[in-house]
Amino acid sequence: MTVVLVALLGLAVGSFLNVVVWRVPRGESVVSPPSACPRCGHEIRARDNIPVVSWLILRGRCRDCGEPISARYPLVEAMTAILFAATAWFAGPSWVLPALLYLAGIGVALTLIDLDTKRLPNAIVLPSYAVGGLLLALASWNPGGASDWGAYVRALIGCAILYAFYFTLVLVYPAGMGFGDVKLAGVLGLYLGWFGWAALVTGAFAAFLLGGLFAIGMLVTGRAGRKSSVPFGPWMLLGAAVGIVLGEQVWVWYSALL
């Protein structure tokens, strides 16, 4: 039941994230004005704003002008619902679930924005330090259960470590990544540190491994050159997911090899 309810929440959040992805890079408010067709300017009716369903009913076209509506909108809504459901399945009905759902939500937004604009907006990243910190504090407090403030201390240390690591990389090789990656690293370090040192190390390494493999694939297929710029934010977020979900298992496997 938790997974189903969270999946439905993901559909609604995904609809909102479509607005965030479009407006935040342009410096526009995500609250007003109401959503409207970008071609004819007519405001989207409430009945036409049901995630995924409305797009299917309208056959992917604006009710007023008949112009096509990008399939990206329902795909973002559906993928957010799937991601939220997977997060709920992983965390269960626990106090860490809200923190992970927030990370999943901003992860979708930042991934799409970075792919579109090669930017990680401060408007999303910087507030995430406070929101993520508060939600992880709630998870460490764990009302009704045993508190684990050691995890929260570890989260703060992880935040500082990963931020410092990326900051050093930018100082050594400024062309390699942007300062937006540095700021995002602190947020991801907060989460990875909360889950453990194994998660922190695995998540940090996985970002470079996955991003590197993708870059090599782009070079081999001729879709990018040696000087092409590849957004790194999506790989940082994916690496963090790997660290959170598989960090302990990877650490055990690696230790066995040693």
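**Arg 39 and beyond**

Guide: Arg 39 is exposed, because its relative accessible area is 54%. Exposed means over 50% relative accessible area, buried under 20% and partly exposed in between (1.4 Å probe, protein chains only).

Visitor: How should I read the numbers here?

Guide: This is a predicted model, in which local features need pLDDT of at least 70 and side-chain atom pairs count only at pLDDT 80 or more, while totals for chains, interfaces and linings use all residues. Residues are numbered from 1 along each chain as its sequence is written, and side-chain values use heavy atoms, with hydrogens and water left out.

Visitor: Where does Arg 39 lie?

Guide: Arg 39 lies in the loop between H1 and H2. Helices are DSSP runs (H or I, at least four residues), as are strands (E, at least two), numbered from the N terminus.

Visitor: And what does Arg 39 touch?

Guide: Glu 67 and Pro 68, not counting residues up to four places away in sequence. Contact means heavy atoms within 4.5 Å.

Visitor: Switching to Arg 23. Buried or exposed?

Guide: Arg 23 counts as buried, at 9% relative accessibility. Its place is in helix H1.

Visitor: Which residues does Arg 23 touch?

Guide: Leaving out residues up to four places away in sequence, Arg 23 touches Glu 28, Ser 29, Val 30, Val 31, Ser 32, Pro 33, Pro 34 and Ser 35.

Visitor: Pro 33 is on that list. What is the peptide bond from Ser 32 to Pro 33, cis or trans?

Guide: That bond is cis, with omega near -5 degrees. Pro 33 lies in the loop between helix H1 (2-23) and helix H2 (53-57).

Visitor: Which non-glycine residues have a positive phi?

Guide: Arg 59 is one of them, with phi of about 55 degrees. Arg 59 is in the loop between H2 and helix H3 (72-91). At 74% relative accessibility, Arg 59 counts as exposed. Asn 142 is another, with phi near 55 degrees. Asn 142 lies in the loop between H5 and helix H6 (149-172), and at 23% relative accessibility it counts as partly exposed.

Visitor: New topic. How many disulfides does the structure hold?

Guide: Zero disulfides. The cut-off is a pair of cysteine sulfur atoms within 2.5 Å.

Visitor: What about Cys 62?

Guide: Cys 62 is in no disulfide, and the nearest cysteine sulfur, that of Cys 65, is 3.7 Å away. Cys 62 counts as buried, at 9% relative accessibility. Cys 159 counts as buried too, at 14%.

Visitor: On to helix packing. At what angle do H4 and H5 pack?

Guide: Helix H4 (residues 97-117) and helix H5 (residues 122-141) pack at about 165 degrees, with their axes 9 Å apart. Axes are lines fitted to C-alpha atoms, for helices over the stretch in contact, and angles run from 0 to 180 degrees between N-to-C directions. H4 and H5 are therefore roughly antiparallel. Angles over 145 degrees count as roughly antiparallel, under 35 as roughly parallel, 65 to 115 as roughly perpendicular and the rest as oblique.

Visitor: Which residues of H4 and H5 make the contact?

Guide: On H4, they include Tyr 102, Ile 106 and Ile 113. On H5, Val 131, Gly 132 and Leu 135 are among them. By class, this contact has 13 nonpolar, two polar and no charged residues. Ala, Val, Leu, Ile, Met, Phe, Trp, Tyr, Cys and Pro count as nonpolar, Asp, Glu, Lys and Arg as charged, and the others, Gly among them, as polar.

Visitor: How do H4 and H7 cross?

Guide: The axes of H4 and helix H7 (residues 179-195) come within 12 Å and cross at roughly 150 degrees. H4 and H7 are therefore roughly antiparallel. Their contact is made by Ala 99, Leu 100, Tyr 102, Leu 103 and Leu 110 of H4 and Leu 184, Leu 188, Tyr 191 and Phe 195 of H7. By class, the contact has nine nonpolar, no polar and no charged residues.

Visitor: Last one. How do H7 and H8 pack?

Guide: H7 and helix H8 (residues 197-220) pack at about 140 degrees, with their axes 6 Å apart. That makes H7 oblique to H8. Gly 189 and Gly 193 of H7 and Gly 203 of H8 are among the contact residues. By class, the contact has five nonpolar, three polar and no charged residues.
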